Amino acid sequence: KQWYQRRVAVGTFFFFGLVQHCKSKTHIAGGILDLIMTRTNQCDPLEITNLETVESMTKSDHFLVKFDCSFLHTTGKERIVKTGRKIKDIDIDAFKNDIQSSKITDPEHFKDCNSAIDLYNQELSRLLDLHAPIMEFRVSPHQSKWVDTNVQEARRKRRKAERDHRRLNSVESKDKLKKAVKNANAVINARRDEYYRNRLKASDGNKKDTYNIVNQLLDKDLKRSMILDNKPANELCDEMQKFFHDKVEKVYSPGRNGHSALIPLL
């Protein structure tokens with residue numbers, strides 16, 4: 001029976017292209033109970049080196065299995081540098097006072113329409129640079145447009161509470177983590193709700209924009225999911241060819257009454 005089970009296990013490993021690297025016993029009663037397995041596929045290589053089985057000095061009945069392996073670390077997509085202003089940080093009272101004391105409130109500076117427009121743009125740009133200067137910040141290429149500084153700050157506090165709880169593992173740290181998670185969820189949901197409400201109001205009367213927004217809310221963004229970039233181009237072409245070939249055959253195949261499923265045009 002053991003010989004049969006061993007044969008089935010070896011056959012399963014071979015069928016799925018797996019290699020078992022642990023060759024010595026890993027249990028105090030003998031036998032290999034701990035498995036170190038990798039694929040034999042050259043497209044998914046993982047090299048196992050310095051494999052060693054050490055009899056553990058703990059109460060565990062398993063030995064310690066040590067090994068080294070190197071694998072490619074896939075980093076996230078490179079962040080995009082954008083520019084913007086912190087409009088919410090503007091001191092409204094000081095901004096109003098500077099506008100009232102600027103040149104745009106003096107009629108003598110308005111000689112004609114063009115000069116008035118240029119003066120208006122120059123003065124407002126100068127005041128904006130004074131109260132909310134242009135600054136650079138990095139964002140993820142696919143970061144949601146509704147994510148703002150408040151959402152990012154709530155996420156940072158939540159991650160900090162998670163790290164503190166893993167380090168302290170106390171009742172106080174757990175309570176702080178719960179509060180941080182609850183606050184982050186509230187901030188994220190409120191900001192997302194506000195963003196999509198404003199977009200739906202702005203697209204009122206435009207059926208196409210409303211349709212696209214609803215698809216995004218239902219996770220049916222066709223622009224994002226139309227092209228599968230995780231498959232080779234030739235494989236995608238073969239799948240599309242097979243899909244349309246089967247579709248045409250299904251349309252022209254006889255139905256239940258022996259007639260074609262294709263509806264004739266009257």
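Me: Helices (H or I, at least four residues) and strands (E, at least two) are DSSP runs, numbered from the N terminus, so in which strand is the place of Q20?
Reply: Q20 sits in strand β1, which covers residues 18-20. Please keep in mind that this is a predicted model, where local features need pLDDT of at least 70 and side-chain atom pairs count only at pLDDT 80 or more, while totals for chains, interfaces and linings use all residues. Residues are numbered from 1 along each chain as its sequence is written, and side-chain values use heavy atoms, with hydrogens and water left out.

Me: Ok, and is Q20 buried or exposed?
Reply: Q20 counts as buried because its relative accessibility is 14%, where buried means under 20% relative accessible area, exposed means over 50% and partly exposed lies in between, with a 1.4 Å probe and protein chains only.

Me: What is Q20 in contact with, leaving aside its neighbours within four places in sequence?
Reply: With those neighbours set aside, Q20 is in contact (heavy atoms within 4.5 Å) with I32, D34, L35, I36 and M37. For I36, the backbone nitrogen lies 3.0 Å from a polar atom of the Q20 side chain. A polar contact is a pair of N or O atoms within 3.5 Å; within protein, one must be able to donate a hydrogen and the other to accept it, and residues adjacent in sequence count only if both atoms are side-chain atoms.

Me: Stepping back, how many helices and strands are in the protein?
Reply: The protein has 8 helices and 6 strands, and along the sequence they follow the pattern α-β-β-β-β-β-α-α-β-α-α-α-α-α. Buried residues make up 15% of its 266 residues.

Me: Which residues are in the largest nonpolar core?
Reply: A nonpolar core is a set of buried Ala, Val, Leu, Ile, Met, Phe, Trp, Tyr and Cys residues joined through side-chain atoms within 4.5 Å, and the largest one here has 7 residues, namely W146, V147, V151, I188, Y195, Y196 and I213. Helix α5, residues 171-202, gives the most to this core, with 3 residues. As for I188, apart from neighbours within four places in sequence, I188 is in contact with W146, V151, R155 and R158.

Me: And the aromatics, how many aromatic pairs does the structure hold?
Reply: The structure holds 2 aromatic pairs, where rings of Phe, Tyr and Trp (its six-membered ring) pair if their centres lie within 6.5 Å, and planes under 30 degrees apart count as stacked, over 60 as edge-to-face and the rest as tilted. Y195 and Y196 form an edge-to-face pair, because their ring centres are 5.1 Å apart and their planes are at 80 degrees. For F243 and F244, the ring centres are 5.2 Å apart and the planes are at 75 degrees, so this pair is edge-to-face too.

Me: How buried are those tyrosines, Y195 and Y196?
Reply: Y195 is buried, with a relative accessible area of 15%, and Y196 is buried as well, at 13%. F244, by contrast, counts as partly exposed at 48% relative accessibility.

Me: Last one, where does N169 lie?
Reply: N169 lies in the loop between α4 (149-168) and α5, and its phi is near 55 degrees, a positive value in a residue other than glycine. N50, in strand β3 (residues 47-54), has a positive phi of about 55 degrees although it is not a glycine. N169 is exposed, with a relative accessible area of 60%, and N50 is exposed at 59%.
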